[in-house]
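Welcome, and please take a moment to look over the sequence and the model below.

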Amino acid sequence: RLLIELAEHGYVRQSHDRGHYMLTTKLVTLGLTHLKLSGVVDICQPILDRLARASGELARIGVVDVDHLTWVATAQGATTGLRYDPDAGIDARLSCTSSGLAWLSTLKDDEALELLAREGYARPGDFGPHAPTTPTAVLKLLRSARKQGYAITSETYRAGVASVAVPVTVPGKGAVGVVVVSGPAVRLTEARMLEILPEVQRAAGEVALASAASPLF
């Protein structure tokens, strides 16, 4: 009944060959309209554009939504050579991305482990070659990120990709999102990530200050 009603309103359609239902672009438009009305893109885009220019890599912002982290805005700073440009609008993997680790590091260990248990841990071969696959391995990374105030990963989510993430924290709310810079590991080395870290931290601070203007945060 739900599918029939969604089809009547144009949000799904049924294929003619196998009869499977699939999403239409109308549903995508609904999500994009929601983001536009929330003001989050207007708030974040100038900050992300500056961060992308300063780093020369992909800059993104993810927003915490109860128990997951969703990418809502992006800016590409790489103009030539290798580019890392994943799809926006998807949820970040918590156990093996710098963004997921940065957010979880703001929580207590038991809270983080509960979220990780729901999502599941990386299995060998499914993600990057350095992806942590056990609670102990993830907790080690979380405690390091908690102590530093940021998370750095290399080839944990995908082979050949590195990233640095800083949580967006608001007094009284805790972490409401993350700011992250990602790129090819051959170019985005640990030394390079530490070099651009102040810019990532600055961007996270600016998003935190501006977050009151958007109900999405």
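This is a predicted model: local features need pLDDT of at least 70, side-chain atom pairs count only at pLDDT 80 or more; totals for chains, interfaces and linings use all residues.

Ala, Val, Leu, Ile, Met, Phe, Trp, Tyr, Cys and Pro count as nonpolar, Asp, Glu, Lys and Arg as charged, and the others, Gly among them, as polar. Residues are numbered from 1 along each chain as its sequence is written, and side-chain values use heavy atoms, with hydrogens and water left out.

**The chain as a whole**

Let us start with the overall layout. The chain has seven helices and seven strands; helices (H or I, at least four residues) and strands (E, at least two) are DSSP runs, numbered from the N terminus. Read from the N terminus, their order is α-β-β-α-α-β-β-α-α-α-β-β-β-α.

Of the 217 residues, 44% count as buried. Here buried means under 20% relative accessible area, exposed means over 50%, and partly exposed lies in between (1.4 Å probe, protein chains only). The chain has an accessible surface of about 11,700 Å², and carbon and sulfur atoms hold 56% of that surface. Such areas come from the Shrake-Rupley method with a 1.4 Å probe, and for residues only the protein chains shown count as cover.

A contact means heavy atoms within 4.5 Å. Among contacts in the chain with a separation of 6 or more, 59% are between residues 24 or more positions apart.

**The second largest pocket**

On a 1 Å grid over the protein atoms alone, a pocket is an open set of points with protein on both sides within 12 Å along at least five of seven lines, and lining residues have an atom within 4 Å of a point. The second largest pocket holds about 160 Å³ of space. For that volume, grid points are joined across faces, edges and corners, and the space is what is filled by probe spheres set on the points.

Which residues line the second largest pocket? They are L101, L141, S144, A145, Q148, Y150, A151, I152, T153, E190 and L194. By class, the lining has seven nonpolar, three polar and one charged residues. Helix α6 (135–148), strand β5 (151–154) and helix α7 each supply at least two lining residues, and α6 gives the largest share, with four.

V64 lies in strand β3 and counts as buried because its relative accessibility is 18%. Leaving aside neighbours within four places in sequence, V64 is in contact with L69, W103, A175, V176 and G177. R60 also lies in strand β3, and its relative accessibility of 8% is why R60 counts as buried.

The table sets them beside two other pairs.

| Pair | Separation in sequence | C-alpha to C-alpha distance |
|---|---|---|
| V64 and G177 | 113 residues | 5.0 Å |
| R60 and A165 | 105 residues | 9.4 Å |
| R202 and V166 | 36 residues | 9.5 Å |
| T189 and A162 | 27 residues | 7.4 Å |

As for the two other pairs, R202 lies in helix α7 (residues 190–210) and is partly exposed, with 42% relative accessibility. T189 is placed in the loop between β7 (174–184) and α7, and T189 is also partly exposed, at 35%.

Most residues other than glycine have a negative phi. Where does V66 sit? V66 is found in the loop between β3 (58–65) and β4 (68–76). V66 is not a glycine, yet has a positive phi of about 65°. With a relative accessible area of 73%, V66 is exposed.

E155 lies in the loop between β5 and β6 (161–170). Its phi is near 60°, a positive value in a residue other than glycine. Is E155 buried or partly exposed? At 23% relative accessibility, E155 counts as partly exposed.

**Cysteines**

A disulfide is a pair of cysteine sulfur atoms within 2.5 Å. By this rule the model has zero disulfides. C44 is buried, with 0% relative accessibility, and C96 is buried as well, with a relative accessible area of 0%.

Technical notes: On a 1 Å grid over the protein atoms alone, a cavity is a set of points where a 1.4 Å probe fits but cannot get out, and a pocket is an open set with protein on both sides within 12 Å along at least five of seven lines; lining residues have an atom within 4 Å of a point.
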